[in-house]
Amino acid sequence: MRTTVGIIGGGPAGLLLARLLHRAGIACVVLESRTRAYAEGRQRAGMLEQGTVDALRAAGAADRLDVEGMVHHGIELRFDRERHHLDFPALTGGRTVTIYAQTEIVKDLIALQLADGPPLLFEAEALAVEQPQSEAPVVRFRHEGRQRTLRCVWVAGCDGSHGVARNAFPAASGRTYAHDYPYSWLGVTAEVPPSCDELIYARHARGFALHSMRSPQVSRFYLQVPRGTSLRDWSDERIWDELAARFAVDADWTLRRGPITARSVTEMRSLVHEPMRHGRLVLAGDAAHIVPPTGAKGLNLAVSDVRLLARAFTELHAHGSARLLDGYSDLCLRRVWQATRFSYDMTRMLHAQPDGDAFDYRMQLARLRRITASRHAAAELAANYTGLPLSP
Ligand code: FAD
Ligand code: DHB
């Protein structure tokens, strides 16, 4: 099998890249190791920056998003039993965010891809990228019980945090920066209308809690839990009691409870791999960087990478210039480090530190009080949350 851009991974990054390349007339093939049902069912992100929505529109993949996406004008911060609203349009000159689940983005992109190409192979697991520094890199993969090869001009590693593309970078040619956080998130989906109009980020001595949503009928929640937590320790009743305790305020507010339909535990990690290109192999999305989910940057970063990468391939294809591809890694990494900083700061400000003392707690409260008291500090949070410019 031969193509121009071999794309490893059919998550949001790989599928969106395929759409954008297809629209620019560039041939590509997507290899996805999982089944279609698995890829479409994986519960993850839900908050989209304006730039992410714009990119999905530019790819012709926003018909359902434009109808079902819920535009939010801010978030609520809760701490010390108080509620504080941050008004994003007022703080950012009109910017908003949109709630639309990653599962739905993936379904929309898969449906388009299967309707008019380019090829997307499920249960096609990439095993290795060979000769990334040559003019003809090769992806070895397993499909329908056979080992096969995909001969490419370029390879895009969009295979997430456990993929194989990154392994093709020689150890001496790059560096990985990582930081682990001493807690995890228990995420649950519940068949109950949200108890809020906007997302709630709550800092509580018992730990962080987030109230998000998937639709007017479906709520999504996250709870800080100790690293290594087992789902078996969390009955439905315990989850609801813990959420109610962490969201409790002095004002009149109650948490609606309902049947829990999905639950999972996610560890929290920051990781950046530098550089994001080696020869004819480029990385995009979680394959190159991971952020802790506080602040909702992972999917949005994956989409920003892909917008820059599609632009770079299009310039090469249309004008023969590799200028943008040569600058791809540096340009992405500048924004990646800003999102890494923001996610780190949000995580540290809102989570109870297991080894934290009374001084740490006071520092967190002082940060939160600064944001709710100073328009300047609130505007800085809002600018990062709604999304920094694609290129600084
Ligand atoms: P992935 O979605 O991981 O896709 C990679 C794909 O590659 C997968 O389909 C995988 O099966 C496939 N693959 C892997 N190895 C191979 C192989 N060898 N061969 C072929 N295919 C392979 N981000 C936000 O922006 N907003 C949020 O609100 C948010 N909330 C989150 C909440 C949680 C609980 C979690 C866990 C994450 C959240 N994120 C959020 C992060 C976001 O989900 C990820 O950053 C996003 O999925 C990255 O997309 P990707 O395409 O780079 O990687
Ligand atoms: C969601 C997840 C996040 O990490 C976040 O900060 C906001 C929303 C979500 O899954 O809806």
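In the predicted model, the buried residues of helix H6 are covered by elements that include helix H1 (12–23), helix H2 (36–41), helix H3 (50–58), helix H4 (63–68) and strand E8 (120–121). Helix H6 itself comprises residues 102–116. Its 15 residues reach 22 Å from the first C-alpha to the last, close to the 21 Å expected at 1.5 Å a residue. The buried positions in H6 are Ile105, Val106, Asp108, Leu109 and Gln113. These residues lie on the same side of H6, because they cover an arc of only 160 degrees around the axis. The exposed residues Ala111, Leu114 and Ala115 are carried by the face of H6 turned away from its buried side. Just after H6, Gly117 adopts a positive phi of about 75 degrees.

The largest nonpolar core contains 108 residues, of which Ile7, Leu16, Leu17, Ala156, Ala284, Val306 and Leu309 touch the most other members. Helix H8 (residues 298–319) provides the largest share of this core, ten residues. When neighbours within four places in sequence are left aside, Leu16 is in contact with Ala55, Ala59, Leu109, Val303 and Val306. Among these contacts of Leu16, Leu109 is a buried residue of H6.

Cys158 is located in the loop between strand E12 (154–157) and strand E13 (175–190). This residue counts as buried because it has 33 C-beta neighbours inside 10 Å, the cut-off for burial being 20 or more. Apart from neighbours within four places in sequence, Cys158 is in contact with Ile7, Ile8, Gly9, Gly11, Ala13, Gly14, Leu17, Ala284, Gly285 and Ala287. Among these contacts, Ile7, Leu17 and Ala284 are also listed with the core residues that touch the most other members. The C-alpha atoms of Cys158 and Asp286 are separated by 7.3 Å, although the two residues are 128 residues apart along the chain.

Ligand 1 is surrounded by 36 residues, the closest of which are Gly9, Gly11, Gly160, Gly285 and Gly298. Two or more residues of this shell are given by each of H1, strand E9 (124–130), E13 and H8. Of the shell around ligand 1, H8 supplies the largest share, four residues. Gly9, Gly11 and Gly285, listed among the closest residues to the ligand, are also contacts of Cys158.

In an unreviewed entry, UniProt lists residues 2–343 as "domain: FAD-binding". In the model, this span is 32% helix and 33% strand, and its end C-alpha atoms lie 39 Å apart.

Methods. Residues are numbered from 1 along each chain as its sequence is written. Chains are lettered from A and ligands numbered from 1 in the order in which they are written. This is a predicted model: local features need pLDDT of at least 70, side-chain atom pairs count only at pLDDT 80 or more; totals for chains, interfaces and linings use all residues. UniProt positions are given in the numbering used here, feature names are shortened, and annotations may be inferred rather than shown by experiment. A nonpolar core is a set of buried Ala, Val, Leu, Ile, Met, Phe, Trp, Tyr and Cys residues joined through C-beta atoms within 7 Å. A residue is buried if 20 or more other C-beta atoms lie within 10 Å of its own, exposed if 12 or fewer, and partly exposed in between; C-beta atoms are placed from the backbone. Two residues are in contact if their C-beta atoms, placed from the backbone, lie within 7 Å. The expected span of a helix is 1.5 Å times one less than its number of residues. The arc is that of the directions from the helix axis to the C-beta atoms. A residue is near a molecule or strand if its C-beta atom, placed from the backbone, lies within 6 Å of it.
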